[in-house]
Amino acid sequence: MTAPARTWIVTGSAAGLGRALVTELLARGQTVAATARDPRALADLRPPSAQALWTARLDVTDPEQIRQVVDDAARALGRIDVVISNAGYALVGAAEEAGRDQIDRQIRTNLTGPIHLAQAVLPHLRAQGGGRIVQISSMAGQRGSPGTAVYCATKWGVEGFFESLAAEVKGFGIGVTIVEPGTVSTGFFGRSKEVTIASPAYAGTPAAILRRRAEDGRLSCRGDLAKMAGAIVDVATRPTAPLRLALGSDAYATIRRGLTARLAELEDQKQIAFSTDLTGDDGSTTPSTPHRGPEGSEDAHRRPGARQPR
Ligand SMILES: NC(=O)c1ccc[n+]([C@@H]2O[C@H](COP(=O)([O-])OP(=O)(O)OC[C@H]3O[C@@H](n4cnc5c(N)ncnc54)[C@H](OP(=O)(O)O)[C@@H]3O)[C@@H](O)[C@H]2O)c1
């Protein structure tokens, strides 16, 4: 599919999904600002013309650098249509084993970095009357799992931030899509991963088993990198941005299992939830202000025992 030429920024372009996205975009005749911690890793990209590719050094843990690079890219490309916030990595091991610096670095890269990036691009998108933000999350942003607790915390964090942001900026013509890939073979479980210092207390537990399998390169991946990159570009060029995009049959199955279990647990606890509302002298529950969901819709509900309007 050939999309009309747009300008894109991609973070973490040196390898893996970021690299595949830049390659796909250049093949589709798009103009790309590819950023990487070491831009020399981008030297072998082959744009169809010199104008199609702009590169810059960007470590997403540095908020000043983010703002500078975004402003420079906007000046160099004339406008920014789509930002793909892709840079990230996983800390693997039991939560209790994670060092303070490891936790801090994981959060600054996977969560605080994307927040600062969004803040840096929004003035440009608002000024030009719209645009897209695509945040790479993970199936781990919808379901926690042993051995990746801190990683999951960052991805659940981006899910909450970007879901909220989507509702804030929709009126400016800015669409936000959170992408939730399943496993795909990149440097993710290889050179990029960080591991905790193993504690004997966790030997043989699921967290330790995952770390060992990651260290031994024994994790199998379901996803096709080029197909995932193609699907992300396709969806980012649709007229309307879906809030979420799951990629890979493992992502679909994992997210479905997680959502189903959460819904079942919520329903099981319905009586407890309603039992903690304020009650009036006559035993009726106090009418509450309806919660407005992300789309501004009234998320009002009928309460057991509440008086219904006649
Ligand atoms: N692969 C999977 O199975 C999988 C599944 C779900 C979600 N994801 C997500 O997909 C995204 C891309 O990961 P990947 O699979 O392509 O892994 P990858 O091959 O390891 O690529 C990650 C890229 O992020 C860059 N990066 C890491 N920290 C950075 C920082 N502080 N500033 C700028 N760039 C930084 C790396 O840069 P260097 O080249 O300099 O190291 C690398 O180019 C991540 O957000 C990850 O959480 C991956």
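In helix α4, the buried residues are Ala-149, Val-150, Tyr-151, Cys-152, Thr-154, Lys-155, Val-158, Glu-159, Phe-162, Leu-165 and Ala-166. A residue is termed buried if 20 or more other C-beta atoms lie within 10 Å of its own, exposed if 12 or fewer do, and partly exposed in between, with C-beta atoms placed from the backbone. The elements are DSSP runs numbered from the N terminus, namely helices (H or I, at least four residues) and strands (E, at least two). The model is a predicted one, in which local features need pLDDT of at least 70 and side-chain atom pairs count only at pLDDT 80 or more, while totals for chains, interfaces and linings use all residues. Residue numbers start from 1 along each chain as its sequence is written.

The cover over the buried residues of α4 includes β5 (91–92), α3, β6 (131–136) and β7 (174–181). Helix α4 spans residues 149–169, and its 21 residues reach 30 Å from the first C-alpha to the last, close to the 30 Å expected at 1.5 Å a residue. The expected span is 1.5 Å times one less than the number of residues.

## Packing of α3 with α4

Two packed helices are described by the angle between their axes and the distance between the axes. For α3 and α4, the angle is about 15° and the axes are 8 Å apart. Axes here are lines fitted to C-alpha atoms, for helices over the stretch in contact, and angles run from 0 to 180 degrees between N-to-C directions. The pair α3 and α4 is therefore roughly parallel; angles under 35 degrees fall in this class, those over 145 are roughly antiparallel, 65 to 115 roughly perpendicular, and the rest oblique. The crossing of α3 past α4 is right-handed, where right-handed denotes that the near helix is turned clockwise from the far one by less than a right angle, and left-handed that it is turned anticlockwise.

On the α3 side, the contact comprises Ile-103, Gln-106, Ile-107, Asn-110, Leu-111, Pro-114, Ile-115, Ala-118 and Leu-122; these meet Val-150, Tyr-151, Thr-154, Lys-155, Gly-157, Val-158, Phe-161, Leu-165 and Val-169 in α4. By class, 13 of the contact residues are nonpolar, four polar and one charged. Contact requires C-beta atoms, placed from the backbone, to lie within 7 Å. Ala, Val, Leu, Ile, Met, Phe, Trp, Tyr, Cys and Pro count as nonpolar, Asp, Glu, Lys and Arg as charged, and the others, Gly among them, as polar.

## Packing of α2 with α3

Helix α2 (residues 63–77) and helix α3 (residues 100–128) have axes that come within 9 Å and cross at roughly 30°. These two helices, α2 and α3, are therefore roughly parallel to each other, and their crossing is right-handed. Pro-63, Ile-66, Arg-67, Val-70 and Ala-74 in α2 meet His-116, Leu-117, Ala-120, Val-121 and His-124 in α3. Seven residues of this contact are nonpolar, two are polar and one is charged.

Val-70, in helix α2, is buried, with 25 other C-beta atoms within 10 Å. Apart from neighbours within four places in sequence, Val-70 is in contact with Ile-9, Ala-120, Val-121 and His-124. Val-70 and Val-121 are 51 residues apart along the chain, yet their C-alpha atoms are separated by 6.5 Å.

## Helix α1 and its contact with α6

Of the 12 residues of α1, 10 are buried, so α1 is largely enclosed by the rest of the structure. The buried set consists of Gly-16, Leu-17, Gly-18, Arg-19, Ala-20, Leu-21, Val-22, Glu-24, Leu-25 and Leu-26. These residues of α1 pack against β1, β2 (31–36), β3 (53–57), β4 (82–85), β6 and α6. Just after α1, Gly-29 adopts a positive phi of about 80°.

The axes of α1 (residues 16–27) and α6 (residues 225–236) come within 9 Å and cross at roughly 60°. Helices α1 and α6 are therefore oblique to each other, with a right-handed crossing. Leu-17, Ala-20, Leu-21, Glu-24 and Leu-25 in α1 meet Leu-225, Ala-226, Met-228, Ala-229, Gly-230, Ile-232 and Val-233 in α6. This contact of α1 with α6 involves 10 nonpolar residues, one polar and one charged.

Ala-15 is located in the loop between β1 (7–10) and α1. Ala-15 is partly exposed, with 16 other C-beta atoms within 10 Å, and, neighbours within four places in sequence aside, is in contact with Thr-186 and Gly-187.

For helix α7 (residues 249–268), the end C-alpha atoms are 28 Å apart, in agreement with the 28 Å that its 20 residues should span at 1.5 Å a residue. The number of buried residues among the 20 of α7 is two, so α7 lies largely in the open.

Key
Contact = placed C-beta atoms within 7 Å.
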